[in-house]
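Subject: Structure handover

Hello,

Here is the structure for you to look at.

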Amino acid sequence: MQRLFLIALFSFGFLFNSFSQNIPSPDEFLGYPIGTQFSRHHQVVDYFKAVANALPENVKIEKYGETYERRPLHLAYISSKENISNLNTIRENNLKNAGLLNGEANNPDVAIVWLSYNVHGNEASSTEAAMLTLHKLLTKKQDWLKNTIVIIDPCVNPDGRDRYVNWYNETASQPYDIDQQASEHNEPWPGGRPNHYLFDLNRDWAWATQVESETRLKVYNKWMPHIHVDFHEQGINEPYYFAPAAEPFHEIISDFQRDFQTEIGKNHAKYFDKEGWLFFTRERFDLFYPSYGDTYPTYMGAIGMTYEQGGHGRAGLGILNDEGHVLTLVERLTHHTTTGLSTVEIASKNAARLNTEFAKFFDNSDLKYKSYVLGGNPDNIGSLTNLLQKHDIDFEKLSTNKVSGYNYKTGKQGSLNFDNAIVIHSNQPKGKMVKVLFEPNAKLTDSLTYDITAWSMPYAYGLDAIASTTKVPSSQTSESKSYRALTDAYGYVSDWNSMKDAKFLAELLKSNFRVRFTEKPFKSNGETFERGALIITKGDNKGMANMLSTLNSIAKKYDKSLATINSGFSQTTPDIGSPDIKLINKQKIAMLSGDGTSSLSYGALWHFFEQQLQYPVTSINTDNLSRTNLDKYNILIMPSGYYSRVLNEATMNALKDWVRSGGKVIAVDAALRSFANKEGFALKYKDNESDDAQENLTPYADRERAYTNNLITGAIFKSKVDTTHPMAFGYDKDYFTLKLGSSAYSILDRGYNVSYVEDVKVYSGFAGKNTLNMLEKTLVFGEERMGSGSFIYMVDNPLFRSFWENGKLFLVNSIFFVNNNAFEL
């Protein structure tokens, strides 16, 4: 019997090798030795397809989506003939094993390894490595594929990669120049790192705001791999980094996940030691923030890891680093190929163990909070449930009224009465991800982290919430619609408290409706309407053909139920014709881009206007600002950035004159530095009163950790809100703001302090002890009038990574409501 098995095994190897001889190598297919040029995305896709055509029984290609620039997104499934023929059965068995799919798992002990390359477009060595890894798996490492399915995403970010590669190919010298100062080692703004909308896709896994992330998650959650690797690059002087990761680890990470990372790292080290390659582990790259390509898979039960090769966008085909070493693309892709293959090897050797431990991860019986109850604005709840559906996380409708537990708004134990609420239970298979997303304050074992330390969904979505240690009664949800057809009337009123309302307004304005908003509450037809309510009257729009049918169509599109009013005479003032009910200008908006502008901040705003609000915005390059005719615009948005080069004395004076004539400047985050402590502006820095002398006595080895006392690494604070100011219409008296740094500005002594920090308690995340006193009585959002116009200050970015949903209406209010006496073009 053993002899027959060996004969069969030999025959399998012979057949596999005979087929694999027909597979073109990357060098043969591309027409140049791999690593001597950068391959364009379409060449990479064509290579993967060519290999699949040559060996269809071992490679399957799947298109899972397209980028914003219409480049295809592909996955390759690589395994033995038997596994490829049973691909869907293996996938379903894996989900059954974890309890994610009903039924008994007939577990074949097949390991599932997912390798993701080039999430950052200018970290381009990894896509080259993906081609070489594919070839080596099929020609040299076939035995590993008998019990392993390898899923390769050769390029997560094709738009960013091609932006970088096209720039490099048209810029680089022949032969390449290794001088760090050469133009080929210094990318122009915005660089190839982000996607089309300049988002960092490696921080978008949990929020799925970008099309690449959303479509990838659909496939990822269908597979739920046991191991996921994200391939990256770092600075040109850095050795290779691989797992195990650094502290802090989130507390839900299992002992097995920790230990198996170390096993993988030791396997990599074996190969690196043999070649004498430098590497490091257990430093810098932690496992805490949930939206990375290593943490998100980890919180979904996988061994999630980041591998970092020195190089990045500066390295090109070769660069002389500070240690006198010429770092080449060939070397970089070789290292990534080595760790990729080593990962598959260790998975194959531990396939049964990976399956067993994977199933154990989904036992959530020991989680402290059993239910998270969220209520409040129905539109915000709808936005949150859309996010949950992207992750296949279940939610239900609350079946009781009063719930006790941890109250997010007070930061302590208490009770809340809910009229309409959803419940997310943690006893579902993805309960650990539920904990990560909804826990009030994630446990932090080390304050030195790589990213923000707070993201709790109730705060991000502006919802009332209770975390309960007992399971709360709930029932299945049912979809409900708000829209009711409108009939002829004097006018119609829409409430104002969510981004759905903002999109509704934007559509009305684009359709040339004349829309009003109220600055004071009023009562009509027995209904009370709060500040910000939108009013569409027949008289304002009498020149519009088919006004009622068009309004009905737009209301239905956004599922808006409008109230009817039969007279301009209100039951309580103001009347519809009052000066306190103002006509909304169809604003013409300009926004700065280019050098000096944060590409991430600009990208979030660009995406917001095009993909969310769907309202036009004109981008103005900073190099052209001094000769731009601002009189064509009502509003100028300044994303976070450093504009000292742009705003010289003449340009600043021209900007002030434009504002005095009725223009509005909306400055975000670091853009406020352009006006703080400047002559004529009320905006002032608040000084940090830290003891510099004492800090200078701190030993060298302790400086980095001691400096955390002065940092805020993405922490959540409660701010007071002036709900009577148009910038705050639709908000409650308290707003939870996400602070990304310790920069602080004093309360305005001239103007309007729309939102400010009064209580310096940290509700979630880390803030160093020296930052807390400095934040007391500091500005969050404010308006300073200058002549007929305004400067609007947004200290905290309301659009951060587009996931802080509750901040977005502040921006919309600033555009359409604040100082609405501004000129109309």
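Below is what turned up, taken element by element.

A caution before the rest: this is a predicted model.

Strand β1 covers residues 59-66 and pairs with β2 in the antiparallel sense. Seven bridges hold that pairing. Within it, Lys 63 stands opposite His 74 of β2. The two strands make a hairpin, with five residues between them. Look at Arg 70 in the turn: its phi is positive, about 70 degrees.

Strand β2 spans residues 72-78 and is mostly covered, with six of its seven residues buried. β2 also pairs with β4, residues 148-153. That pairing is antiparallel too, with three bridges. Ile 78 has Val 150 of β4 as its bridge partner.

**Helix α5**

Helix α5 runs over residues 87-97. Its buried residues are Leu 87, Ile 90, Arg 91, Asn 93, Asn 94 and Leu 95.

Of its 21 residues, 17 are buried, so α12 is largely enclosed by the rest of the structure.

How do α6 and α12 cross, and at what angle? The axis of α6 (residues 125-139) comes within 8 Å of the α12 axis, and the two cross at roughly 50 degrees. The helices are therefore oblique to each other. Their crossing is right-handed. On the α6 side, the contact residues include Ser 125, Glu 128, Leu 132 and Lys 136. On the α12 side, they include Leu 329, Arg 332, His 336 and Val 344.

**The seven-stranded sheet**

There is an open sheet of seven strands with antiparallel pairing. The strand order is β16-β15-β18-β13-β17-β14-β19. Its edge strands are β16 (412-417) and β19 (474-475), each pairing on one side only. Six bridges join β15 (residues 402-407) to β16, and these two run antiparallel. In that pair, Gly 405 stands opposite Gly 414.

Helix α14 (residues 378-390) touches β13 (371-375) and β17 (421-425), and its direction makes about 25 degrees with that of β17. Helix α15 (residues 431-438) also touches β13 and β17. The direction of α15 makes about 50 degrees with that of β13.

Best wishes

Methods. Residues are numbered from 1 along each chain as its sequence is written. This is a predicted model: local features need pLDDT of at least 70, side-chain atom pairs count only at pLDDT 80 or more; totals for chains, interfaces and linings use all residues. Side-chain values use heavy atoms; hydrogens and water are left out. Buried means under 20% relative accessible area, exposed over 50%, partly exposed in between (1.4 Å probe, protein chains only). Helices (H or I, at least four residues) and strands (E, at least two) are DSSP runs, numbered from the N terminus. Two strands pair if DSSP finds at least two bridges between them. Axes are lines fitted to C-alpha atoms, for helices over the stretch in contact, and angles run from 0 to 180 degrees between N-to-C directions. Angles under 35 degrees count as roughly parallel, over 145 as roughly antiparallel, 65 to 115 as roughly perpendicular and the rest as oblique. A crossing is left-handed if the near helix is turned anticlockwise from the far one by less than a right angle, and right-handed if clockwise. Contact means heavy atoms within 4.5 Å.
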